[in-house]
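Let us go through a structure together, one feature at a time.

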Amino acid sequence: MAWNREIRLDRRDLIAGGLAASAAALATAAAPAARAAEPAPTTVVPPDIMKGVEAWSGSLAVQAATYAAPMVAMYLLRDATCFKPGAKAKPNAIWRIENIATPEIAAQSGYVTPNVNVVYGFGFMDLAAEPIILSAPDSRGRYYMIEVCDMWTNAFAYPAGGPSGYAGGTFALVGPGWKGQLPPDVTRIDCPTRWIELQPRVFVKDQADLAGAEAVLSAITVKGLAERRGGPAPAPADYRYEAPKIAPNVASSQLLFDDPLQFWSIFTATMNENPPPAAEVEAVLPMFKYLGIELGKPWKPEAVNPAVLAEMKQAAAGVGKLMAANVAIRDSLQGGWAIPPGNVGMPGADYLTRAIIAVVGLTANTVEQAIYYNGLLDSEGAPLTGAKRYTATFSQPMTYIEPVPPGFWSLTMYDNVTKLTVTNPIDRYSLGASDPIKRDADGSFTLYIQRESPGADKESNWLPAPAGPFYLILRNYAPAPAAVKAIASGVAFKGPPSLVPVG
């Protein structure tokens with residue numbers, strides 16, 4: 001970063017004790033001792049000292065932005081869902097997206113890389129005043145899940161789905177510090193932050209099956225504890241959250257603020273409302289005091305050293321791209337497919353993984369619930385493009401797509417420019433377990449991934465591609481224990497087949 005090295009700073013502004021001592025020594029050598037009544041002297045910070053200030057504060061700002069990105073992404077998702085003009089659902093309500101299979105519907109909803117094999121719900125719950133009672137139906141064998149995320153993006157509970165089963169039940173979502181009695185017929189779920197997000201997903205086979213999926217989604221309901229008991233509801237909360245100003249027509253999780261410094265004011269305010277675990281308060285937050293970030297206090301840019309503030313601005317401006325780039329070191333690459341790590345959804349102190357997920361796959365599930373493989377390159381290591389034709393032959397063993405019933409797998413095509421599904425003449429956006437794919441006697445099969453039809457005899461196995469760059473996501477919902485164990489342990493196992501270019 002280009003800087004005027006002759007920056008004059010009050011000694012009290014220097015960001016670290018060691019640097020302050022160095023500057024004081026230089027000042028003492030250059031001038032007589034100041035009288036006690038005189039103002040603190042200023043010093044000219046030499047270039048080598050200034051380089052140290054920038055290097056250290058720049059590194060700290062990047063680490064703080066990595067730590068903060070998930071909470072900022074959740075704030076922006078909450079704003080879009082609950083508060084900005086045209087918001088879809090007020091706090092403590094569920095917005096149901098009943099069909100996002102087509103590119104047009106996905107674009108209208110603002111949801112990128114959609115799973116076209118489910119219908120979604122989204123809702124942010126404010127647990128400050130009282131617990132929220134969640135009712136989940138018995139799906140009678142239909143796959144569905146209810147993911148519950150805290151404001152740090154941890155998927156800490158699944159009242160339904162995968163290992164939790166599909167029989168449903170009634171659950172009390174209880175915020176930190178709440179002390180009271182719950183009805184005896186509810187299951188208590190203690191939530192780590194005041195605000196949480198619910199995200200139901202219900203499997204839908206095809207258009208004819210949509211009504212059945214929507215019925216399950218509609219039966220997932222929430223209400224306050226007082227309403228459940230038939231009493232008066234608490235007084236409405238007076239929400240006065242800072243309105244984010246971000247780049248239009250770009251997914252909010254990319255964190256592209258008009259003024260990157262808003263990233264920090266939003267993070268600090270949201271953290272004060274939804275504090276991190278005690279261990280992080282003790283071990284992580286003290287590092288960030290040099291950036292003006294302290295739990296329980298508002299962030300004031302004017303209180304931060306200008307040189308440090310400039311580094312914070314740069315870190316916030318680039319954190320989205322930086323996290324997307326670091327997928328390469330987080331995931332292992334096998335045959336052109338990015339294989340996720342085992343701590344997706346609940347990364348603990350792995351703040352890099354948590355931030356990457358927030359930027360490229362916000363509210364990702366734990367691997368016990370679902371495993372996503374991202375198809376990025378072909379068998380020759382080249383990016384995927386509709387200018388070529390590919391085949392992918394799925395052969396035994398296929399543990400990577402083996403679900404526990406009623407789970408399912410699907411392979412979905414996405415345009416790498418719009419991040420949406422691809423318009424095509426047969427209205428097909430994915431292929432998977434519920435499709436009539438032609439298979440060989442041993443269950444193996446070949447998919448044809450290309451822009452134009454491979455011919456009538458192969459069209460059942462055709463996944464249409466766009467003209468330009470694309471990527472694929474292979475999803476396995478309720479994955480078999482063998483796949484979960486392999487992913488979670490980091491042990492290599494046979495992953496999805498490579499895409500082989502054929503012309």
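**Reading one chain, feature by feature**

Arg 140 is an exposed residue, since its relative accessible area is 76%, and this value, like every other one here, comes from a predicted model.

Q: Which peptide bonds are cis, and what are their omega values?
A: In general, most peptide bonds are trans. In this model a cis bond joins Gln 396 to Pro 397, with omega at about -5°, and the bond from Pro 405 to Pro 406 is cis as well, with omega near 10°. Pro 397 sits in the loop between β15 (390-394) and β16 (403-415), whereas Pro 406 is part of strand β16.

Q: How many helices and strands does the chain have, and what share of its residues is buried?
A: The chain has eleven helices and 21 strands, and 51% of its 503 residues count as buried.

Q: How does the span of α2 between its end C-alpha atoms read against that of a straight helix?
A: The idea is to set the expected length beside the one found in the model. A straight helix of 37 residues would span 54 Å at 1.5 Å a residue, but α2 spans only 47 Å between its end C-alpha atoms. There is also a kink of about 45° in α2, located at Ala 68, shortly before the proline Pro 70. For α6, with twelve residues, the reach from first to last C-alpha is 17 Å, close to the 16 Å expected at 1.5 Å a residue.

Q: How is the packing of α2 and α6 read?
A: Two packed helices are described by the angle between their axes and the distance between the axes. For α2 and helix α6 (residues 262-273) the angle is about 75° and the axes are 9 Å apart, and therefore these two helices are roughly perpendicular to each other. Among the residues that make the contact are Ala 61, Tyr 75 and Arg 78 of α2, together with Phe 263, Trp 264 and Glu 273 of α6. By type, the residues of this contact divide into 14 nonpolar, one polar and two charged.

Q: How many residues of α2 and of α6 are buried?
A: Both helices are mostly covered, with 26 of the 37 residues buried in α2 and ten of the twelve in α6. The buried residues of α6 pack against α2, β10 (195-203) and α8.

Q: Where does Arg 78 lie, and which residues does it touch?
A: Arg 78 lies in helix α2 (residues 47-83), and it counts as buried because its relative accessibility is 1%. If residues up to four places away in sequence are set aside, Arg 78 touches Phe 83, Phe 124, Met 151, Trp 195, Tyr 241 and Glu 273.

Q: At what angle do the axes of α8 and α10 cross?
A: The axes of α8 and helix α10 (residues 351-360) cross at roughly 105° and come within 8 Å, so α8 is roughly perpendicular to α10. The contact involves Gly 320, Met 323 and Ala 324 of α8, and Leu 352, Ala 355, Ile 356, Val 359 and Val 360 of α10. Met 323 is buried, with a relative accessible area of 1%, and its C-alpha atom is separated by 6.7 Å from that of Val 359, a residue 36 residues apart from it along the chain.

Notes: Residues are numbered from 1 along each chain as its sequence is written. This is a predicted model: local features need pLDDT of at least 70, side-chain atom pairs count only at pLDDT 80 or more; totals for chains, interfaces and linings use all residues. Side-chain values use heavy atoms; hydrogens and water are left out. Helices (H or I, at least four residues) and strands (E, at least two) are DSSP runs, numbered from the N terminus. Buried means under 20% relative accessible area, exposed over 50%, partly exposed in between (1.4 Å probe, protein chains only). Contact means heavy atoms within 4.5 Å. Axes are lines fitted to C-alpha atoms, for helices over the stretch in contact, and angles run from 0 to 180 degrees between N-to-C directions. Angles under 35 degrees count as roughly parallel, over 145 as roughly antiparallel, 65 to 115 as roughly perpendicular and the rest as oblique. Ala, Val, Leu, Ile, Met, Phe, Trp, Tyr, Cys and Pro count as nonpolar, Asp, Glu, Lys and Arg as charged, and the others, Gly among them, as polar. The expected span of a helix is 1.5 Å times one less than its number of residues. The bend at a residue is the angle between axes fitted to the seven residues ending there and the seven starting there.
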